Amino acid sequence: MTTTEPTARPFGLAAILSITHSLPIEAAPHVELLEWITGQEMHGPVFALGYREVCVDWLTEAHPQLCDLTKPDFHEDDYAAQDAWVDEVAAQFGARTLPVAPMPADQVRPKDIIDVLGDAGALHKTYVVPAPENG
């Protein structure tokens, strides 16, 4: 008897929305989803950021209804508002999970690290911070 890997597995909407809409959640479900999609072990946040764009494209291609969502403007610490939005999305979709298939290895193309860093901050700017005065 042979066993095969599943072609898709369900992931919670909060984890999916953390990728597609930057919903702030705990790191573990976010990283687990990134690793499932890409087949790559995430070695830290900067490494994971390199895969975000390709994973957003993968998820929205598989679930186009994600493209119609607009994340409300809530404070990152407003967990009740975040949970309420996930509940609204679940009601709209009729499910709290969506099936996610892993991406074929030949499609897993992360952004170059310099591009990731450029997206994270303005690399073209120089910031001068005065030294504290001793006194």
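Visitor: In what sense do strands β1 and β2 pair?

Guide: Two strands count as paired if DSSP finds at least two bridges between them. Here β1 (residues 9–12) and β2 pair in the antiparallel sense, over 4 bridges, and Phe11 stands opposite Leu98 in β2. This is a predicted model, in which local features need pLDDT of at least 70, side-chain atom pairs count only at pLDDT 80 or more, and totals for chains, interfaces and linings use all residues. Residues are numbered from 1 along each chain as its sequence is written, and side-chain values use heavy atoms, with hydrogens and water left out.

Visitor: Which side chains of β2 are buried?

Guide: In a regular strand the side chains alternate between the two faces of the sheet. Along β2 (residues 97–100), Leu98 and Val100 point to one face and are buried (under 20% relative accessible area, 1.4 Å probe, protein chains only).

Visitor: Which residues have the most contacts inside the largest nonpolar core?

Guide: A nonpolar core is a set of buried Ala, Val, Leu, Ile, Met, Phe, Trp, Tyr and Cys residues joined through side-chain atoms within 4.5 Å. The largest has 31 residues, and those with the most contacts inside it include Ile16, Leu66 and Val100. Elements giving two or more residues to this core include α1 (13–20), α3 (45–62) and β2; α3 supplies the largest share, 7 residues.

Visitor: What is Leu66 in contact with, its neighbours within four places in sequence left aside?

Guide: Contact means heavy atoms within 4.5 Å. The partners of Leu66 include Ile16, Leu59, Phe93 and Leu98.

How values were computed
Buried means under 20% relative accessible area, exposed over 50%, partly exposed in between (1.4 Å probe, protein chains only).
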